[in-house]
Each structure stands twice: as C-alpha cells, then as structure tokens.
Amino acid sequence: MHKHLIICWLSGLILTVNAQENQSYSSFKEVIQYEALDKIIDKNDDVLYVVNFWATWCGPCVKELPDFMEVNNQLSDKKDFKMILISLDDKNDLSPGLLSFLDNNHITADVYLLDDVKRMNQWMPKVDQSWTGSIPATAFYKNGEKLKFVEEQLHKTELIEIINQYLK
C-alpha cells in the first residue's frame with residue numbers, strides 16, 4: 001500500500017516538475033510598426049517606460065538581457081514601472097526563432113517585434129537624434145517625454161542607477 005502511495009506521489013512530483021519546465025515564459029505581444037510603439041510609450045500615466053531595442057543575433061544584446069530580466073522581475077510589482085523589449089529581428093524568424101529564444105531565456109518583459117526596417121531613417125531619430133542605429137539601445141520615457149537614451153550595453157548596476165533617478 002505504501003509503495004503505491006510513494007509511486008503516485010513521485011509520479012505527481014515528476015509531472016509537476018515537467019509542467020514547470022515546459023511552462024511558456026514568452027511575453028511576446030505582437031508585430032508592430034513604429035507608430036504603434038509610439039502609442040504604447042507616449043502616455044501621460046506617470047509610468048517609467050524602459051524601452052530596449054535589441055535582436056537575438058546581437059551578442060551584446062543577448063548578454064545584457066539577464067540583467068534586464070532580473071531588474072524587471074524585481075520591479076514588476078511597481079505600478080509606475082514598465083519594461084518593454086523591442087526586437088529588431090526579421091519578422092520571418094518570429095517562429096520558432098524569436099519565440100523560442102524568449103521561452104528559453106525566460107524573458108518576462110513585454111516583447112514587440114518592430115517590423116519597420118524600411119523606414120528606419122524616419123523612426124530612429126524620433127527615438128533619439130544621436131542614435132547611429134547600433135544596438136543594444138535603451139530609451140527611458142515618462143509622461144511621453146524621453147528622459148535618457150543609452151546606445152550601448154547596460155549592466156545591471158547602470159540600469160538600476162538610471163531607473164532609480166526617475167522612479168518615485
């Protein structure tokens with residue numbers, strides 16, 4: 001009798017662990033054009049938006065993502081904070097490429113794929129006049145105003161310092 005209970009308990013434990021391992025972490029929202037992104041961040045809602053432009057093929061981008069996710073997870077309960085990742089990957093690589101990457105790397109921030117490469121020269125200066133186009137690049141917005149722009153890999157301590165400047 002006890003053997004059957006132990007076997008049932010172990011089977012349940014294994015199923016629970018497998019279910020957790022197969023859990024989808026993807027927070028992919030949608031494929032967008034720049035105007036849609038502008039509407040997402042151009043709000044007078046007293047929220048600090050950390051908007052990171054990146055791609056799966058960009059080494060420094062991938063290297064900084066664990067730090068970004070750690071900070072995002074620490075601040076996810078704050079109503080005045082929102083992290084958004086803007087993927088510049090090719091739309092044709094969305095599935096399984098980008099979606100698999102998001103799940104495999106436990107990405108928790110909202111992710112949008114910006115499918116607007118043909119108009120880069122129009123929307124990039126709207127993000128920041130000084131942006132050369134290299135990634136990673138991170139913009140910080142609050143109440144529709146860009147507060148800061150960083151065109152390089154950010155480490156956790158730098159990211160936290162910037163966020164703390166603008167959070168209440």
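Glu35 and Arg119 form a salt bridge, with 2.7 Å between the closest N and O atoms. A salt bridge here is a side-chain nitrogen of Lys or Arg within 4 Å of a carboxyl oxygen of Asp or Glu. The pair links distant parts of the chain, 84 residues apart. Glu35 sits in helix 2 (residues 34–41), and Arg119 in the loop between strand 4 (110–114) and helix 5 (120–127). Helices (H or I, at least four residues) and strands (E, at least two) are DSSP runs, numbered from the N terminus.

The model is predicted: local features need pLDDT of at least 70, side-chain atom pairs count only at pLDDT 80 or more, and totals for chains, interfaces and linings use all residues. Residues are numbered from 1 along each chain as its sequence is written, and side-chain values use heavy atoms, with hydrogens and water left out.

Accessibility was computed for these partners. Buried means under 20% relative accessible area, exposed over 50%, and partly exposed in between (1.4 Å probe, protein chains only). Glu35 is partly exposed at 37%. Arg119 is also partly exposed, at 26%.

The salt-bridge count comes to seven. In another of them, the side chains of Lys82 and Asp110 meet at 2.6 Å, N to O. Lys82 lies in strand 3 (residues 81–87) and Asp110 in strand 4, so the pair ties together parts that are 28 residues apart in sequence. Lys82 is partly exposed, with 30% relative accessibility. Asp110, in contrast, is buried at 13%.

Lys91 and Asp115 form a further salt bridge, their closest N and O atoms being 3.7 Å apart. Lys91 lies in the loop between strand 3 and helix 4 (94–104), and Asp115 in the loop between strand 4 and helix 5, so this pair ties together parts that are 24 residues apart in sequence. Lys91 is partly exposed at 42%. Asp115 is partly exposed at 27%. Shared partners also join salt bridges into one network of Lys29, Lys82 and Asp110.

Two strands pair if DSSP finds at least two bridges between them. Strand 1 (residues 28–32) pairs with strand 4 in the parallel sense over four bridges. Here Glu30 has Tyr112 as its bridge partner. Strand 3 and strand 4 also run parallel, joined by four bridges. Leu85 stands opposite Val111.

Aromatic rings were examined next. Rings of Phe, Tyr and Trp (its six-membered ring) pair if their centres lie within 6.5 Å; planes under 30 degrees apart count as stacked, over 60 as edge-to-face and the rest as tilted. The count comes to six aromatic pairs. Trp131 and Phe149 form a tilted pair, 5.6 Å centre to centre with 55° between the planes. Trp131 lies in the loop between helix 5 and strand 5 (137–142) and Phe149 in strand 6 (residues 145–150), so the pair ties together parts that are 18 residues apart in sequence. Trp131 is buried at 6%. Phe149 is buried at 15%. One aromatic cluster is formed by Tyr34, Phe53, Trp123, Trp131 and Phe149.
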